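Visitor: I'd like to walk through this model contact by contact. Can you take my questions one at a time?

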Amino acid sequence: MLFADQLGPHFSDDADGEILLIESRSVFRRRTVHRQKAHLLLSALRHRAAELGDRARLVRASTYSDALTQVGTPPADISVVDPTSYAARRWVRERGMAVVPARGFSLGERDFQDWLGTRRPILEDFYRWQRSRLGVLMEPDGAPVSGRWNFDADNRLPPPKGAATLGLVRPAYPVEDDIDAGVRRDLDRWAADGDVAFLGVDGPRLFACTRDEALAALTDFVAHRLPSFGPYEDAVLRGDWAMAHSLLSVPLNLGLLDPLEVVDTAVAAYHRGEAPLQSVEGLVRQVLGWREWAWQLYWSSGEDYVHRNALSARTALPQWFADLDSDAVEAACLRDTLAGVRDRGWAHHIERLMVLGNWALQRGYDPAQTAAWFRDAFVDGYDWVMVTNVVGMALYADGGQMATKPYAAGGAYLNRMSNHCKGCRYTPSVRVGEQGCPFTAGYWAFLDRNEEKLRGNHRLAQPYAGLSRLADRDAVVAQESARGSAAP
Ligand SMILES: Cc1cc2nc3c(=O)[nH]c(=O)nc-3n(C[C@H](O)[C@H](O)[C@H](O)COP(=O)(O)OP(=O)(O)OC[C@H]3O[C@@H](n4cnc5c(N)ncnc54)[C@H](O)[C@@H]3O)c2cc1C
Ligand code: SF4
């Protein structure tokens, strides 16, 4: 049996056995997911079933358990690759299925635990170990290629001055087919029947959901965007939604690409002289470092981690945010990012971390609710990727286990790294009044609210010194408290 995120060739190895694929509508009844995410999941499943031909048995049922009853095969005779969430792992074990170790990541969970031992989990240490043990961008003597592990300092360029886009070739999108048309008809019908409700809007499918499309997307990225990936990793341009990003998280998380083949393809481009080291190292760091780190920490941190709440953030997600109602928002950076998620179910890393995550952190949105929202609103969202990125990194809800300080930033950062502020009704350097930038004011109000918990963090010594010198501190705090959960 294959789950809907186990669809690449490396998940099915018994050449002759029947492969069970389950399409369950209850997933969409239980949660309000982005329309384009629902489309991708169903389209990927149906395409895989079509590719497998007679070997596939695609069962449509209300729930996974109903599907098993329909099939009639004793669960003990069904083998499954260990799934990607706690709930799914419990489900396969409770039924006594034969479970083989997880795939789609470069490292087994036990091997990670052996490496971790009793050390403090630090991404940089893990990343270097990954590079060394896999021999990626390494010299024969064990040194990193060019003598440097890290090009982060070179990879923080703001967008080119005055540019509306990075000027790169537009990403090559998949061509929709009859399977997509069928998925669209079904989703329209379910929504019209009132059976399910979706977030966001429908639109042409932008992300790969078959193995062939995934390979084409990888080739397209390496040929056209990888060379600029490193330098502009952190930059934001409102007219360029994809920037130089790979757009590979969807096929990677559907299990259509193996992370090592992504890395090997990028490294080969470096050796051919077609992509600079700073870009290729940047990508390797994301895929073999961050992605694998997120996966491993999901399991090693335990199921309760998502309920951590070190900053006692208890604000419920306001409806305008949860519903992606960008029209309710005047703050240009937040408005345009929410509109991007509404239209595509996707935003790039800095938009997720420094616009949406930063906003949720500043406003004290409940971490578990925020993580669930990211999982459902994003086409590449899964439980396993939320713990590190949302609860640990964006919201600092683990009290500093994953990030040494909260990723809170005011308008000055967004003004430096994006072109949003020029068209905004607010001014990034102004804190109070009509022009007061809600990110700048929100940043100071966040520090003020959490002073007791954060003042001892030596990485925040400077911001707290700044806060104590702020002449209009009381006015800023009063203004932001009056704003409450209103859209900025
Ligand atoms: C608040 C927040 C929420 C996020 N939610 C998700 C999510 O739901 N699903 C998801 O896959 N990623 C998530 N990320 C990580 C990252 O933002 C996305 O993987 C990336 O933006 C996807 O676009 P891309 O494929 O073009 O990535 P690129 O920028 O081209 O990066 C290449 C690949 O590296 C991997 N990667 C990079 N950074 C991370 C990371 N921090 N964690 C895990 N993998 C990473 C992804 O597989 C990605 O495809 C989140 C990050 C933050 C801060
Ligand atoms: S001025 Fe503030 S709200 Fe407006 S775009 Fe800049 S950072 Fe965002």
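Visitor: Which residues does Arg-225 touch, not counting residues up to four places away in sequence?
Guide: Contact here means heavy atoms within 4.5 Å. This is a predicted model, where local features need pLDDT of at least 70, side-chain atom pairs count only at pLDDT 80 or more, and totals for chains, interfaces and linings use all residues. Side-chain values use heavy atoms, with hydrogens and water left out, residues are numbered from 1 along each chain as its sequence is written, and chains are lettered from A and ligands numbered from 1 in the order in which they are written. With that settled, Arg-225 touches Leu-168, Pro-171, Asp-220, Met-243, Ala-244, His-245, Ser-246 and Leu-247.

Visitor: Is Arg-225 buried or exposed?
Guide: Arg-225 sits in the loop between α8 (211–224) and α9 (226–229); helices are DSSP runs (H or I, at least four residues), numbered from the N terminus. Buried means under 20% relative accessible area, exposed over 50% and partly exposed in between, with a 1.4 Å probe and protein chains only. Because its relative accessibility is 2%, Arg-225 counts as buried.

Visitor: Which backbone oxygen does the side chain of Arg-225 reach?
Guide: A polar contact is a pair of N or O atoms within 3.5 Å; within protein, one must be able to donate a hydrogen and the other to accept it, and residues adjacent in sequence count only if both atoms are side-chain atoms. One such contact, at 3.0 Å, joins the side chains of Arg-225 and Asp-220. The backbone oxygen that the Arg-225 side chain reaches, at 2.7 Å, belongs to His-245.

Visitor: How much of ligand 1 does the protein bury?
Guide: A polar side-chain atom of His-245 is 2.7 Å from an oxygen atom of ligand 1, and a side-chain N or O atom of His-349 is 2.8 Å from a ligand 1 oxygen. Accessible areas come from the Shrake-Rupley method with a 1.4 Å probe; for residues, only the protein chains shown count as cover. Ligand 1 taken alone exposes 810 Å², and the protein buries 99% of that.

Visitor: Which helix supplies the largest share of the shell around ligand 1?
Guide: The shell has 26 residues, near meaning that one heavy atom lies within 4 Å. The largest share, five residues, comes from α12.

Visitor: Where does ligand 1 lie relative to the domains?
Guide: Domain bounds come from an automatic or database domain assignment. Both domain 2 (109–171 + 206–298) and domain 3 (307–483) contribute to the shell, so ligand 1 lies between them.

Visitor: Why is helix α16 described as largely enclosed by the rest of the structure?
Guide: The buried residues of α16 include Trp-373, Phe-374 and Arg-375. They pack against α2 (35–52), α13 (319–322), α14 (332–344), α15 and α17. Helix α16 (residues 367–377) is largely enclosed because the buried count is eight of the 11 residues.

Visitor: Which residues are the closest to ligand 2?
Guide: α14, α18 (411–417) and α19 (438–449) each supply at least two residues of the shell around ligand 2. From the 13 residues that surround ligand 2, the closest are Cys-333, Cys-421, Cys-424, Tyr-426 and Cys-437.
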